[in-house]
Amino acid sequence: FLSRRCTYNNLTTHHNTRRIMSTIHTLETAGEVCPFPLAEAKIAIEKIPSGDQLRINFDCTQATEAIPRWAAENGYPVTAFERVGEAGWTITVTKP
């Protein structure tokens with residue numbers, strides 16, 4: 001099992017290798033007001049390869065509706081959506 005971490009601005013990439021390679025890219029937007037978490041997610045999803053996942057960490061309450069709606073409207077399956085702590089959330093979408 002190998003793990004590698006790369007950071008590009010607010011986008012962090014984790015590679016986990018077993019038999020196949022799966023990649024989760026993490027976008028940190030905590031502290032940013034809406035609509036910036038969604039705007040950054042739109043840019044980040046374009047930068048990652050098909051089949052990879054984008055995990056978006058945010059604390060903007062409006063994004064709890066806006067990000068899942070954007071994902072559904074654009075065909076990005078939501079694979080996880082969780083509340084983190086008192087005022088944070090994380091959502092993971094897959095780029096088909």
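Student: In this predicted model, does Cys60 count as buried or exposed, and why?

Tutor: A residue is called buried when its relative accessible area is under 20%, and because Cys60 has a relative accessibility of 10%, Cys60 counts as buried.

Student: Which residue does Cys60 form a disulfide with?

Tutor: Cys60 is paired with Cys34, and their sulfur atoms lie 1.5 Å apart; the structure holds one disulfide. The pair links distant parts of the chain, since Cys34 sits in the loop between β3 and α1, while Cys60 sits in the loop between β4 and α2, 26 residues apart. The torsion about the S-S bond is about -120°, so the disulfide of Cys34 and Cys60 is left-handed.

Student: How should I read the helix α1, and which of its residues are buried?

Tutor: An α-helix has 3.6 residues a turn, so residues three or four places apart point the same way. In α1, the buried residues are Pro37, Leu38, Ala41, Ala44 and Ile45. Seen down the axis of α1, these buried residues fall within an arc of 125°, so they line one face of the helix, whereas the face turned away from the buried side carries the exposed residues Ile43, Glu46 and Lys47.

Note on methods
Residues are numbered from 1 along each chain as its sequence is written. This is a predicted model: local features need pLDDT of at least 70, side-chain atom pairs count only at pLDDT 80 or more; totals for chains, interfaces and linings use all residues. Side-chain values use heavy atoms; hydrogens and water are left out. Buried means under 20% relative accessible area, exposed over 50%, partly exposed in between (1.4 Å probe, protein chains only). Helices (H or I, at least four residues) and strands (E, at least two) are DSSP runs, numbered from the N terminus. The arc is that of the directions from the helix axis to the C-beta atoms. A disulfide is a pair of cysteine sulfur atoms within 2.5 Å.
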